[in-house]
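Subject: Structure handover, with notes

Hi,

Here is the structure I promised to pass on to you. Please have it open while you read the notes below.

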Amino acid sequence: MKQTGQKHSIEIRVGIIVGILLILYIGISLFFINHYYFGTTLNGMNYGGKSLKQVRKSIVSEMEHYELTLVGRDQGSDVIAGSAIGLEYGFDNTLEQLLQSQKEFSWPIAIWKDHDYELPQMIAYQQQALEEQMQRLSFFDREEPAQDASILPYSAKTGTYELKKEKQGTTLDKEKTLIAIEEAIHSLDETLDLDKENCYVQPKILAADPSFLKIKDTLNQYVSSVIQYDFLQEEKAIHGEQISQWITYDAESVTIDDAKVREYVDAFASQYDTYGRNKLFTTQDGRELKLPSAYGWRLDRVAETRQLMADIQAGKSLIREPIYLYRGYARDAEGGDIGQNYVEIDLSAQHLYVHQAGQVTEESDFVSGNLAKGHATPAGIYGLTYKERDATLRGETYESHVDYWMPFNGNIGMHDAGWRKEFGGDIYLTKGSHGCVNLPTKKAERIYELVEKGMPVICYY
């Protein structure tokens, strides 16, 4: 009897426990009819065990206390409060559907699982109020404009162009800023980093931009050029500082101003050109004469401008002669171009001298142009055009063969005149040539051996 009583007592206890558990199970099940499962998160917030009303109230409270903190590039910050823009959450039936989807009697299984949900972002606010709040942000009170990267002016000290890096500045792009704020509010973000969201006005030209670096490299290539002109007795050099004055550039291209280069070429051509200028000449008998000149040095200004620009663009360093339109035979430090090797033709004395290294190495009488018939040999300084053996001279009324032909002024030149028996004196006054300088054959042969193309020929009376 005692054992039977103990067994019955145990059964009663078990029954009580089962009953309690059953009541607890049913009670909790009934609880989850109106409350969300433990572990339920809505938009990342834990609402487990809360009722629909409590969740709604919590969300409304969150809207009322919502603040968006804006962080600026200058480490400043500002806040837009939800209450200032009439922030509201527009509820739909999502919360009800989630609650209804719960199987309340399955809660023993559900409590071991996570229940994460994203509610539709039913955010509403007053657009005008938001824009007004944005306009009041402190960031707009301390704006500094962004600065593009730039190329500093040419430095004579370093001989180069250097870059100045861009400056980011603190000026906000209002359109981008408004869009970023709106997106943050719709996501109910608590912080918005304006720099990370690319809300600032950016420099348009960056120092690291390959095309911009190429501009700098091109500039430095140009000013690295050293062009030295060899004027025989003198050198004139063009360096980076001079070249920099001819260069214009922007963020897209480098240009050499051909007008400025031409102006420079014109200037040194005016300084060094001697062709066409009257020249002082001291005669064999000691007279100093000023004679017209169709002889000397003259730059080809167009060709030289073009070549100089090409040399600079290629970054060349070289020594070269300028490009000449006419070349003299000599050049001295005083700017003269006759030198010590020349032919002196005294038309009054009808006598010729060949000078070499400052010494007379040959001389001869001659017969020049007939004054009576208007064929006078023109006075002036010329350069020997060329020399030729066995030439035929032709005019309107004559044709003559000569063994030694040395022209210096168009069709006027020195040559042998084997048909003449006398030279010098006053023969030229009435029985002279058509303008040429007639020489004895032996003298013409000797002079032909001594003269060269380009050698000055000075004629005077």
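First, the ground rules. This is a predicted model, in which local features need pLDDT of at least 70 and side-chain atom pairs count only at pLDDT 80 or more, while totals for chains, interfaces and linings use all residues. Residues are numbered from 1 along each chain as its sequence is written, and side-chain values use heavy atoms, with hydrogens and water left out. Helices (H or I, at least four residues) and strands (E, at least two) are DSSP runs, numbered from the N terminus.

Let me start with helix H12 (residues 441–450), where Ala444, Ile447, Tyr448 and Leu450 are buried. Looking down the axis of H12, these buried residues fall within an arc of 160°, so they line one face of the helix. The arc is that of the directions from the helix axis to the C-beta atoms. Buried here means under 20% relative accessible area, exposed over 50%, and partly exposed in between (1.4 Å probe, protein chains only). On the face of H12 turned away from the buried side sit the exposed residues Lys442 and Glu449. The buried residues of H12 pack against several strands, including S21 (351–356), S22 (359–365) and S24 (388–394); contact means heavy atoms within 4.5 Å.

S21 deserves a look of its own. Of its 6 residues, 5 are buried, so S21 is largely enclosed by the rest of the structure. Strand S20 (residues 342–346) runs antiparallel to S21 and is joined to it by 5 bridges; two strands pair if DSSP finds at least two bridges between them. Glu344 has Tyr353 in S21 as its bridge partner. The hairpin of S20 and S21 has 4 residues between the strands, and Gln350 takes a positive phi near 55° there. S21 also pairs with S22 in the antiparallel sense, over 6 bridges, with Ser364 in S22 as the bridge partner of Leu352. This second hairpin has 2 residues between its strands, and Ala357 in the turn has a positive phi of about 55°.

Lys279 stands opposite Leu291 in S16. There are 5 residues between S15 and S16, and Gly286 in the turn has a positive phi of about 90°. Strand S16 (residues 288–291) has Leu289 and Leu291 on its covered face, with Glu288 and Lys290 on the uncovered one. In a regular strand the side chains alternate between the two faces of the sheet.

In helix H3 (residues 94–101), the residues Thr94, Leu95, Leu98 and Leu99 are buried. Seen down the axis of H3, they fall within an arc of 135°, so they line one face of the helix.

Finally, two single residues. Thr305 is found in helix H10 (residues 301–313) and is buried, with a relative accessible area of 7%. Leaving aside neighbours within four places in sequence, Thr305 is in contact with Asp258, Val261, Arg262 and Val265. Asp257 lies in the loop between strand S14 (254–256) and helix H9 (258–272), and counts as partly exposed at 22% relative accessibility. The C-alpha atoms of Asp257 and Trp246 are separated by 5.4 Å, although these residues are 11 apart along the chain.

Best wishes
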